[in-house]
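Please examine the structure displayed below. The paragraphs that follow lead through a selection of its charged side-chain contacts and then turn to the confidence of the prediction.

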Amino acid sequence: MADTPLYALSLAEQARLVRQRRASPVELTQAHLARIRDTEPRLNSFILLDEEGALRQAREAERQIASGRYLGPLHGVPMALKDLYDTAGMATTGGMQILRERVPDRNATTTALLVGAGAVLLGKLNLHEAAFGVTTVNPHYGPTRNPWILKRVPGGSSGGSASAVASGQAAYSLGSDTGGSIRIPASLCGITGLKPTYGLVSRSGVLPLSWSLDHAGPMTRTAEDAALVLAVIAGYDPTDPASVDAPVPDYAAELQRPVRGLRLGVPHTYFEDLDPQVERATRAAIQALAGLGLEVRDVEIPSARTFASCSSAILYAEAAAVHHRDIRARPQDYGEDVRERLRLGMLIDATDYVQAQRARRALCKRVGQAMRDVDLLVTPSVPVQTPPIEGSGLEAQRLRAHLTRFSRPFNVTGLPACSIPCGFTNDGMPIGLQLAGRPLEDAAVLRAAHAYQQVTDWHRRRPPV
Amino acid sequence: MAESSVVELSPDQVRALARSAGLELGEADLAAITPQLNQLRHGVASLSELNLQDVEPAVTFDALRAAAGTA
């Protein structure tokens with residue numbers, strides 16, 4: 001750790017330095033700002049960078065800590081938010097032209113919780129327009145680039161978040177996930193991304209895409225970091241209609257419990273038609289988990305194609321409802337791909353939408369039955385290799401279907417699911433492993449991910465940017 | 001997969017549908033959207049394989065919270 005630059009340390013490691021007063025919040029913030037200045041011209045992770053505000057917050061954190069008011073592991077550590085999270089007095093655009101000048105007067109619930117925990121906000125991160133896509137090739141704010149190979153997409157929609165965390169521009173970020181938008185970019189950029197149980201983390205003040213599928217969650221370097229962030233942002237919020245009023249466990253303490261004996265379900269149909277390098281890495285990861293004492297079992301859950309059909313009708317219809325005024329009045333202000341999808345959503349039959357919501361309940365029941373016999377499910381995060389930026393608009397529908405194939409089932413069911421790095425392709429791109437758990441058993445997902453990261457080093461590798 | 005009973009919509013039918021939704025679609029838009037809409041409709045029709053009899057939709061409404069104006 002001694003030779004590692006401050007910006008390259010995990011959140012937990014940075015927090016340790018702050019707590020032990022071996023690094024100050026101002027030093028950490030300056031290190032991240034220097035890293036941003038160095039890499040941002042190549043990555044384009046940020047829509048808005050607030051250097052002055054970040055340094056002001058860091059100085060305040062430093063004063064608090066010096067006076068003995070240490071608020072916990074997020075105190076004084078720099079982070080950045082997907083530009084979908086409302087930040088009082090700071091523009092929140094959703095990556096859209098139509099909201100370019102929008103400045104909220106209140107923080108999102110999650111923003112407020114992070115601020116209250118002493119986090120230092122560096123700025124707002126790029127995303128696929130309106131969070132409705134998986135490439136972060138944004139027509140209004142430019143494409144974000146993957147820090148491992150700059151010609152490749154970072155995934156999306158939280159592509160700026162993944163790029164920033166992977167490259168050391170920010171210690172962690174919050175993303176949103178409607179069909180995989182935390183886990184896909186986490187997988188493609190080699191970081192850890194957790195989509196918590198639906199309703200565990202408030203979406204109040206987060207621009208919506210699809211109310212019944214939207215999730216908010218942490219994007220970090222490690223599962224331990226995800227636990228630290230989740231501990232702060234999880235909990236009941238009466239201003240979010242989907243919020244669940246349930247006890248929030250001590251996620252960091254839960255990581256220390258043994259994983260031996262956890263039953264790991266492998267849905268074999270989710271291992272068909274995979275890129276061979278993805279399959280090899282995923283199966284090796286399952287072996288590693290078995291080596292940690294997890295019991296590996298075959299399990300049957302409904303096909304990814306069935307989940308996709310259900311998810312598409314809900315997602316497109318709800319997204320069209322979110323944007324129905326602007327897509328009629330200002331279609332020219334949307335990028336081509338998002339405009340096309342919103343228009344498609346406007347044409348969905350109401351009966352089809354309700355049928356999809358009925359199918360959703362049936363699918364949840366089936367998966368719930370399957371999970372009586374296992375504690376966790378495992379799949380690849382993404383079945384294919386990372387596509388290039390150039391040409392990513394071609395056959396966009398097919399690309400979306402590939403990238404979201406294994407993530408959408410867990411938006412439909414609302415189950416907690418995370419992506420962690422489990423290998424690299426021959427050309428040096430990260431490969432992700434997806435672990436999913438039972439409702440509100442996010443701690444079990446993180447515990448297995450953390451145990452895996454104790455015996456592997458994929459999550460420690462740094463991109464060459 | 002069972003044969004879908006969904007009738008394929010033609011571009012002209014999609015244009016009419018779009019007009020009724022307040023959208024004006026050009027030829028290029030129609031060419032892009034029509035097959036996607038048909039595919040989506042077939043996908044929804046295939047969900048009937050799940051046996052949805054007596055299954056209520058997975059939408060939630062909490063009357064207490066709604067009345068309190070908190071959600």
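In helix α9 of chain A, which spans residues 276-291, Glu279(A) and Arg283(A) are placed four residues apart, about one turn of the helix. In this predicted model, the two side chains form a salt bridge, with 3.0 Å between the closest N and O atoms. Glu279(A) has a relative accessibility of 25% and therefore counts as partly exposed. Arg283(A), at 39%, likewise counts as partly exposed, because this class covers values between 20% and 50%.

A further pair within one helix is found in helix α3 of chain A, residues 51-66, where Glu60(A) and Arg63(A) are three residues apart, again about one turn of the helix. Their salt bridge brings the closest N and O atoms to 3.0 Å.

Glu27(B) pairs with Arg15(B), and the closest N and O atoms are 2.9 Å apart. Glu27(B) belongs to helix α2 of chain B (residues 27-46) and Arg15(B) to helix α1 of chain B, so the contact ties together parts that are 12 residues apart in sequence. With a relative accessibility of 54%, Glu27(B) counts as exposed.

Salt bridges may also be linked to one another. In chain A, a network of salt bridges connects Arg263(A), Asp375(A), Arg438(A) and Glu441(A). Over all chains, the count of salt bridges comes to 22.

How confident is the predictor in chain B, in terms of mean pLDDT? The mean for chain B is 88, and 89% of its residues reach 70 or more. Within this chain, confidence is highest in helix α1 (residues 11-20), at a mean of 97. Helix α1 of chain B is also the element that holds Arg15(B), the partner of Glu27(B) described above. Confidence in chain B is lowest in helix α3 (residues 63-68), where the mean is 72. Where pLDDT is low, predicted coordinates should not be read in detail. For the complex, the predictor gives an ipTM of 0.91 and a pTM of 0.97.

Definitions and conventions
Residues numbered from 1 in each chain as written. Chains lettered and ligands numbered in written order. Predicted model: local features only at pLDDT ≥ 70, side-chain atom pairs only at ≥ 80, totals over all residues. Heavy atoms only, no water. pLDDT = per-residue confidence, 0-100. Helix = DSSP H or I, 4+ residues; strand = E, 2+ residues; numbered from the N terminus. Salt bridge = Lys/Arg side-chain N within 4 Å of Asp/Glu carboxyl O. Buried < 20%, exposed > 50% of the residue type's maximum accessible area, 1.4 Å probe, protein only.
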